[in-house]
Amino acid sequence: MKLDDVSLRHGAAPATHSVGQRKPLVDGIDKVTGRARYTMDLPLGPALVGRILRSPIAHGIIHSIDTSAALALPGVRAVVTGQDFAAPYGVIPIAQNEYPLARGKVRYRGEPLVAVAAVDEAAAEAALRAIRYDIEELPAYFTAAEARAEGALPLHENKPGNVERKVEQDFGDLDAQFAAADLILERSFEGNEVYHGQIELDATVAEWEPERQRLTVHSVTQVPYYLHLMLAQTLGLDEAQVRVVKPFVGGGFGHRVEPLNFEMITALLARAACDRVKLELTREEVFITHRGRPASQMRLKIGMKKNGQITAVDAEVVQRGGAYAGYGLVTILYAGALLHAIYKLGASRYRGYRVYANLPPCGAMRGHGAVQIRFAFEALLDEMAAKLGLDPFAVRRANLLTEIPYRTLNDLQVNSYGLPECIAAVEKASGWHERRGKLPQRPGFRRGLGMACSHYVSGSAKPVHWSGEPHAVINLRLDFDGGITILTGASDIGQGSNTLITQIVAEVLLVPMRRIRIVATDSALTPKDNGSYSSRVSFMVGNAALRAAEEMKRVLTQAAARRLKVAPEAVEWAGESCGVVGTDQVIDWAQVVQEALIDSGALTVKGAWSTPPETQGGKFRGAAVGSSAGFSYGAQVVEVEVDEDTGEVRIEKVWIAHDCGRAINPLAVEGQVQGAIWMGMGQAMCEETQYANGLPVRSNMLDYRIPTIVDTPPIEVFLIESMDPLGPFGAKEASEGGLHGFPPALTNALADALGVRFDALPVTPDRVFDALQAKRREARLQKAKSARQEA
């Protein structure tokens, strides 16, 4: 919904044909009726069964692996090890240090060691039992502190001290800005390691055609192009020998935003067996594959003037990244980069350390890189506001960006900024000033209100694999039937990008959406796209779709002009028909298509888009990470009720305003914002991976506590449309920024309710109970001390 009195500084959005309309998802019917085919549903024919043998120890040297007995068993068609791969892999070209199957060393419990393909599950399991190996166990390190301790063995020989990436970034005169502050506070915070929790299990179907020497892979990936590259690289193939198809995907949230070991293992098994192989992981194996949000230890120091203005920020972040690089260097850079671009800062210093440990590798997760540090930042702002006697909303307003476009200290470009309107929306809707400190209290329960702000990127301004190609490409095809086919490599993983692209094309051409079909993510048919990550699809692929549709409209307008025997400028385009301006001459869509296809036959036009250079960050090391063509913004208020006897926290309501630029599909955007809040609830209140000597102890959906519908509060969403000048029709990111704000809004609400501040996530009932007990003990001690002094 929108607040009538929240002014949109960029003006009201113009009337539209499709954009801005609440449309059901184009694949929604397929999903709710069960017609949608996911990887393991595909009717591809008989397939061998793939299985993986995993390391039982967390760190060790592989001396030998004997697979001869397994290969001799009836029904076993292939057995492969790390020695059978041609090269390591990784999503970042300069940090590829992982083999799909362990080679030389194992570095975490559950790391894939050997894989088999057999005619059925029984034969595959028998083959795993027949494998013999000799692994010399080494000391294992399960915390960042242990891994960095003096004398700790390096997990990777080229990374002494087990630090994958150290980041040092300084902007402005930090000492002078701290000296100008009236209040300086320094606190330490802890952020939890979190699992994505997607519904669909990891699965891949791979087929090797020995006659043609070709590989076809169907998989659950969010990044078909990167998977394509890594399949060719690890199997030693020419990229032309590989075809990657992404079917429907049952959620990703970042888990599938890099090529994963089971995908390449399945492909190698298929080639070794010269057959088709299916491999589906168990839920425990999906947990072990991981790539979740890393546990983070943070030290944050902020200087502030009496009016709430931030003078300086000094932050240190240590992330426990697991055994391999993955997205690690990007994650630790994001944590520092996104200290900026939301508030004005006088000066900043950032020190980041991404640390290896003998645990499953971490990676990207919704809100990649910035969720933990935003929790710390917004929580500390709230505490400082209280110490200065300032309202939390006033502190945020004291630090708003005032001139747009705005260039941050670390060279990020902000072109649209709806945070002031977001703040105003939730401030009014929640009744903040009327209700805070005056909420009705039941006996044994305490209520409170808390707020926080957040932001996020609309795609990374520089791609992971720099090739000079456009960031996004869309092809549109028009044939004899008058239908328009969108060909895109962008991955719809449930976020509704196929619908968004369809609406953009329909808007430009002024045709009904039923005239448009979409074919996506098949490398043999669709143009390359970098994938679904960092909220890039709406902004980048949306712009490519806009340009392709404009080109199609230009071609069709010329065809109409030929049929009408006038200049193109005289044609009045109306979509399903067009005519000559100022006359009653009209021809319909079919006649325009017929004219357009004369001599040429089926038409294909292309739209491409890349980020402008000024949005691609500065020139210092790591400057590309955090740069974006557009930033989303959000503010939220959370109302809580706490049971003082048990520590149980109940969320009464959430108000969130999200600056998404133009809402291409408000229905879908509201759902994405609500989903971000829901995942933020999980991180803030209950979700946390735990290990015993490197073994996951919550590797199922019963022990790993994810919020259910029973836990979900009313979430009131306000869409703020700041109309970004670079976004398609002004659109920006819509699905990640809201997550960042929930954890601090929750802890700030708890501080309001209980007078206790929480510096570690998740805030579980036992932690709340312990904090309340500690507060009561302190009160008793103070009372006794006062009594002694009076005596």
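Let me start with a word we need: a residue is buried when its relative accessible area is under 20%, exposed when it is over 50%, and partly exposed in between, using a 1.4 Å probe and protein chains only. Helices (H or I, at least four residues) and strands (E, at least two) are DSSP runs, numbered from the N terminus.

Hi everyone, and now some background. What you see is a predicted model, in which local features need pLDDT of at least 70 and side-chain atom pairs count only at pLDDT 80 or more, while totals for chains, interfaces and linings use all residues. Residues are numbered from 1 along each chain as its sequence is written, and side-chain values use heavy atoms, with hydrogens and water left out.

First stop, helix H9, residues 328-337. How many of its residues are buried? Ten of its ten, so to speak a mostly covered helix. The list includes Gly328, Tyr334 and Ala337. What covers them? Among the elements in contact (heavy atoms within 4.5 Å) are strand S7 (163-171), strand S14 (310-322), strand S15 (347-356), strand S18 (445-457) and helix H10.

A nonpolar core is a set of buried Ala, Val, Leu, Ile, Met, Phe, Trp, Tyr and Cys residues joined through side-chain atoms within 4.5 Å. The largest one here has 169 residues, and Phe377, Leu419, Val640 and Ile651 touch the most other members. H10, residues 371-388, gives the most to this core, with ten residues. Let's zoom in on Phe377: leaving out residues up to four places away in sequence, Phe377 touches Leu300, Ile302, Ile310, Val313, Leu339, Tyr343 and Leu345. Apart from this core lies another, of 50 residues, including Met540 and Trp589.

Now for helix H17, residues 666-685. The expected span of a helix is 1.5 Å times one less than its number of residues. For the 20 residues of H17 that gives 28 Å, and the end C-alpha atoms are 28 Å apart, which agrees. H17 is mostly covered, with 16 of its 20 residues buried.

H17 also has a partner, helix H18 (residues 737-754): they pack at about 45°, with their axes 8 Å apart. Axes here are lines fitted to C-alpha atoms, for helices over the stretch in contact, and angles run from 0 to 180 degrees between N-to-C directions. Angles under 35 degrees count as roughly parallel, over 145 as roughly antiparallel, 65 to 115 as roughly perpendicular, and the rest as oblique. H17 and H18 are therefore oblique to each other. The contact includes Met681 of H17 and Phe742 of H18.

A second pair is helix H6 (residues 224-235) and helix H7 (residues 261-273), at about 50° with axes 10 Å apart. H6 and H7 are therefore oblique too. Their contact includes Leu231 of H6 and Ala267 of H7.

Is valine 220 buried or exposed? At 0% relative accessibility, it counts as buried. Beyond its neighbours within four places in sequence, its contacts include Thr39, Val249 and Phe262.

Last stop, helix H14, residues 497-509. Its 13 residues reach 19 Å from first C-alpha to last, close to the 18 Å expected. Because 13 of the 13 are buried, H14 is largely enclosed by the rest of the structure. Leucine 510 follows H14, with a positive phi near 60°.
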